[in-house]
Amino acid sequence: DAEGVQRIKEENQKHYRRAQRHQEKKEKTQRHNRKLGDLVEKKTYDLKTQYEHLANLRRTHILELTSVIFPIEEVKTSMRDPADLSSESDNAMTSSTVSKLAEARRTTYLSGRWVCDDHNGDTSISITGPWITLPNNGDYSAYYNWVEEKKTTQGPDMEHNNPAYTISAALCYATQLVNTLSFILGVNLPKKLCNRQFCGENLSRHRFTRAVKKLNANILHLCFSQHVNLDLLHPLHTLRNLMYLVSPDTENLGR
């Protein structure tokens, strides 16, 4: 029995020494994990700082791009409300007629249906200058109507102030700006659209409408990526959505 007790004591001592070695390994592993945790926390902070610095650089480049090369702004028109003009010419006009005229002024026939547009006739959005604008309500029918009319009209086109030219130029500049913003922000666009899509040959109504839809989809995708307020966006307002995207008030621009 004494010999058995001695063997058990020796085994217990071996187990105790082994337990001490395991405890030392555990403490060493814990110290290593703490060091790694501090390193990961430092690297995470450095990465976050770099992301913020990169976002500020992107924001600076975008604001410089949109202030020097592609300025986008609202252009006030001098069009007076027909209700005001009519009331001046006819003092006997009732208030209901005036309100109906004002309501008609805020309504636009777009793609086979009547659309309410509060900005119609008041403002338009310009790009690269006040002379290149797009209709605020997204109605670009003047372009393909001009193309269809030109097919049936013989002789050279002498209308240099044709709104179709302005629409084509504005959409062309908008496409260039969107592709450049995609490169600066590092955001892949869902639709492929080349810079020369709206310039050069005259597009048919189907091709023109399809290209405009692609452009609007790309703009909305960029707006979503930069967390632009959804209440400000409209799927048909091409330049207005771009204006909200590159606005200095957009807090997450560059993310």
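Q: In which helix is T166 found?
A: This is a predicted model, where local features need pLDDT of at least 70, side-chain atom pairs count only at pLDDT 80 or more, and totals for chains, interfaces and linings use all residues. Residues are numbered from 1 along each chain as its sequence is written, and side-chain values use heavy atoms, leaving out hydrogens and water. Helices (H or I, at least four residues) and strands (E, at least two) are DSSP runs, numbered from the N terminus. By that rule, T166 sits in helix α5.

Q: Is T166 buried, partly exposed or exposed?
A: Buried means under 20% relative accessible area, exposed over 50%, and partly exposed in between (1.4 Å probe, protein chains only). T166 has a relative accessible area of 22%. T166 is therefore partly exposed.

Q: Which residues does T166 contact, leaving aside neighbours within four places in sequence?
A: Contact means heavy atoms within 4.5 Å. I132 is 34 residues from T166 along the chain, yet their C-alpha atoms are separated by 5.5 Å. The contacts of T166 are W131, I132 and T133.

Q: At what angle do the axes of α5 and α7 cross?
A: Axes are lines fitted to C-alpha atoms, for helices over the stretch in contact, and angles run from 0 to 180 degrees between N-to-C directions. Helix α5 covers residues 163–185 and helix α7 covers residues 238–245. Their axes come within 11 Å and cross at roughly 35 degrees.

Q: Which residues of α5 and α7 make the contact?
A: The axes of these two helices come within 11 Å. From α7, the contact uses T238, L239, L242 and L245. From α5, it uses L171, A174, L177, V178 and L181.

Q: Why is α7 largely enclosed, and what do its buried residues pack against?
A: Seven of the eight residues of α7 are buried, so the rest of the structure largely encloses this helix. The buried ones are T238, L239, R240, N241, L242, M243 and L245. They pack against β1 (72–76), β4 (123–127), β5, α5 and α6 (205–225).
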